[in-house]
Amino acid sequence: MSRKQQLKALEAACREINLRLTPQRLEVFAELARAADHPTAEALHQRLVRRMPSLSLDTVYRTLATFAEHNLINRVETAESQARYEVPHARHHHLICRCCKAIMDFDWPQLDRMTLPDEVAGWGHIEKTNLVVYGRCRSCQEDR
């Protein structure tokens, strides 16, 4: 999906849930859609404040939380204390380097076709499944 299509989808989704699409929210989403590095709120704020000097870090945090609550963006669960974010696209999983914290997307169609074990499937309503793999990237291995 192109960025233009992503923004149109965001506008439609916001209308559907009755969420005002402010210029700040639009810019946060657009910057996140451009990002390939799964940025933190702080990293997004640093990028955006160059264009929007009055944008507060709190606004970025609240916008990300609102978007995540409505499933308009994904919060990437990591072992580190800072959340990372991405605009959803095709189903994928994540590799996270424990050293440099880089996140890489990867596809695993065989895993995606699997069903959950019966004891988990009976837990309740499962909304989403994904795999996060932790390790050390090649760059960090070579630096060692």
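## Largest pocket

Eighteen residues, given as 18 in the count, line the largest pocket, and N71, N74, R75, K128 and N130 lie nearest its centre. A pocket is, on a 1 Å grid over the protein atoms alone, an open set of points where a 1.4 Å probe fits, with protein on both sides within 12 Å along at least five of seven lines; lining residues have an atom within 4 Å of a point. The space in this pocket is about 470 Å³. Strand β1 (residues 74-76; a strand is a DSSP run of E, at least two residues) gives the most to the lining, with three residues. The lining has seven polar, six charged and five nonpolar residues.

## Basis of the model

The model is predicted: local features need pLDDT of at least 70 and side-chain atom pairs pLDDT 80 or more, while totals for chains, interfaces and linings use all residues. Residues are numbered from 1 along each chain, and side-chain values use heavy atoms, without hydrogens and water.

## Residue I73

I73 is found in the loop between α4 (57-69) and β1. At 2% relative accessibility, I73 is buried (under 20%; exposed is over 50%, partly exposed in between, with a 1.4 Å probe and protein chains only). Its contacts (heavy atoms within 4.5 Å), not counting residues up to four places away in sequence, include F29, L32, L64, F67 and Y85.

## Cysteines

The whole structure has zero disulfides (pairs of cysteine sulfur atoms within 2.5 Å). The sulfur of C137 is 3.6 Å from its closest cysteine sulfur, in C140, which is too far for a bond. C140 is buried, at 14%, whereas C137 is partly exposed, at 25%.

Methods. Grid points are joined across faces, edges and corners, and a volume is the space filled by probe spheres set on the points. Helices (H or I, at least four residues) and strands (E, at least two) are DSSP runs, numbered from the N terminus. Ala, Val, Leu, Ile, Met, Phe, Trp, Tyr, Cys and Pro count as nonpolar, Asp, Glu, Lys and Arg as charged, and the others, Gly among them, as polar.
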